[in-house]
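Student: I have a model open and want to learn how to read its features. Where do we start?

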Amino acid sequence: MNITAFQLAERFIGVDEWVGAQTNPMILAMLKLDVSWPTDDSVPWCSALPNFVCWLLRLPRSKSLLARSWLGVGQSVKLEQAKVGFDVVILNRGGPTDPTKPGPGHVGFYAGTEGKHVLILGGNQGDTVNVTRFLAKDILGIRRLLQE
């Protein structure tokens with residue numbers, strides 16, 4: 001059976017941060033896969049979900065909690081070429097629009113488009129894993145993780 005990264009990520013929909021002093025152990029496991037410093041799920045963890053899913057599937061991954069680190073993974077594709085199941089989308093979140101510059105970002109799996117929006121299946125979207133709409137103008141890059 002072949003499963004795409006998107007299909008596996010869908011299994012995590014609904015995983016969310018726990019309110020108060022408790023930490024969701026699933027999110028903490030995702031966070032600690034590549035770095036040891038997170039002690040709870042209140043840190044930015046959008047990059048942790050695709051890293052965890054790609055690790056499980058032995059796909060290329062960034063091994064970083066920085067969203068923009070995904071700009072160096074896989075092959076670049078244009079929005080018109082993006083495919084559900086094969087691509088991650090990296091967004092600018094108020095930083096430099098030059099993708100080579102460090103700054104805040106967001107990353108998740110490409111889930112489609114709706115008009116001027118891109119749909120992303122990602123983590124830390126309202127403190128949970130879900131599909132959320134983002135403005136397509138904020139896309140810094142789309143990366144193909146695996147050839148069909």
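Tutor: With cavities. On a 1 Å grid over the protein atoms alone, a cavity is a set of points where a 1.4 Å probe fits but cannot get out; lining residues have an atom within 4 Å of a point. Points are joined across faces, edges and corners, and the volume is the space filled by probe spheres set on them. Here the largest cavity holds about 40 Å³. This is a predicted model: local features need pLDDT of at least 70, side-chain atom pairs count only at pLDDT 80 or more, and totals for chains, interfaces and linings use all residues. Residues are numbered from 1 along each chain as its sequence is written, and side-chain values use heavy atoms, without hydrogens and water.

Student: Which residues line the largest cavity?

Tutor: Met30, Leu31, Leu33, Asp34, Val35, Ala48, Asn51, Lys63, Ser64 and Leu65.

Student: How do I read a ring pair?

Tutor: Use the distance of the centres and the angle of the planes. Rings of Phe, Tyr and Trp (its six-membered ring) pair if their centres lie within 6.5 Å; planes under 30 degrees apart are stacked, over 60 edge-to-face, the rest tilted. The whole structure has two aromatic pairs. In one, phenylalanine 12 and phenylalanine 52 have centres 5.9 Å apart and planes at 80°, so the pair is edge-to-face. Ring pairs link Phe12, Phe52 and Trp55 into a cluster.

Student: Are phenylalanine 12 and phenylalanine 52 buried or exposed?

Tutor: Both are buried. Buried means under 20% relative accessible area, exposed over 50%, partly exposed in between (1.4 Å probe, protein chains only). Threonine 23 also counts as buried, because its relative accessibility is 18%.

Terms used. 1 Å grid on protein atoms, 1.4 Å probe; cavity = no way out; pocket = protein on both sides within 12 Å on 5 of 7 lines; lining within 4 Å.
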